[in-house]
Amino acid sequence: MSELELVIGNKNYSSWSLRPWIAMTQAGIPFTETVIPFDFANGNMEIRKVSPSAKVPLLKAGDLLVWESLAILEYIAERFPEAGLWPAEAGARARARSVSTEMASGFSALRAECPMNMRRTPSSIAMSEAAQADVARIVDIWRDCLSRSGGPFLFGSFSIADAMYAPVVSRFETYQLTGNLDALAYMARVTALPAWKAWRQAGDAEPWVVAASEI
Ligand SMILES: N[C@@H](CCC(=O)N[C@@H](CS)C(=O)NCC(=O)O)C(=O)O
């Protein structure tokens, strides 16, 4: 059994859980996973019992608890430098951290109006101007990163920045949020990753339905 245990929510809906999971899986870092299904109606008591923030994801590394998806990813990058989860060059690394932090702290309109729901049959929905601005900013970020790095991922090889935007890739697909060809090509590369496919397959097989995320 691995020393690392990642506690996550439902794979179909838990956008924050996807971030460390896809990075660790893609990088081949061994870990065990524990899925705690959401129970919003009753206050997610099972998550509260294990997580200091009462949220998932949570990483257990022996006695150490790490919560907040970006903090988990930073910890993993430090523990496994050979995985190259941040770009090697300082300037690229700084920009990767900038776009990752922008994701972690921003885009609240998009997140609220377009919850991750991988199983949903793709179709567009009416969106506020704020959510549309979030989409435009994300497309700009992706295009800028890809043109500087040359791809195939935001900073060349798969990095934490791609993991941070992975749930957005799902939302863009589910709600048909862009027709931009660079963005669509990037999304196709992310969704072709074996780690993405494995997460998606597991999410499809889950029996649980979170009504609030069914738009
Ligand atoms: N800022 C946190 C957000 C975590 C978060 O909101 N997780 C959601 C699931 S995707 C959660 O645990 N919700 C349970 C609740 O709010 O009761 C992170 O980056 O990990």
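In which sense do β1 and strand β3 pair, and over how many bridges? Before we get there, a word on what you're looking at: this is a predicted model, where local features need pLDDT of at least 70, side-chain atom pairs count only at pLDDT 80 or more, and totals for chains, interfaces and linings use all residues. Residues are numbered from 1 along each chain as its sequence is written.

Now the pairing. β1 (residues 4-8) and β3 (residues 58-61) run antiparallel and share four bridges; strands count as paired if DSSP finds at least two bridges between them. Here Leu 4 sits across from Ala 61 in β3. Helices (H or I, at least four residues) and strands (E, at least two) are DSSP runs, numbered from the N terminus.

β1 has another partner, too: β2 (residues 32-35) pairs with β1 in the parallel sense, again over four bridges. In this pairing, Leu 6 stands opposite Glu 33. To get from β1 to β2, the chain goes through helix α1 (residues 15-26), a β-α-β crossover that is right-handed (with the strands pointing away from the viewer, the path from the first strand over the helix to the second runs clockwise).

How enclosed is β1? Four of its five residues are buried, so the rest of the structure largely encloses β1. Buried means 20 or more other C-beta atoms lie within 10 Å of a residue's own, with C-beta atoms placed from the backbone.

Terms used:
Buried ≥ 20, exposed ≤ 12 C-beta atoms within 10 Å, placed from the backbone.
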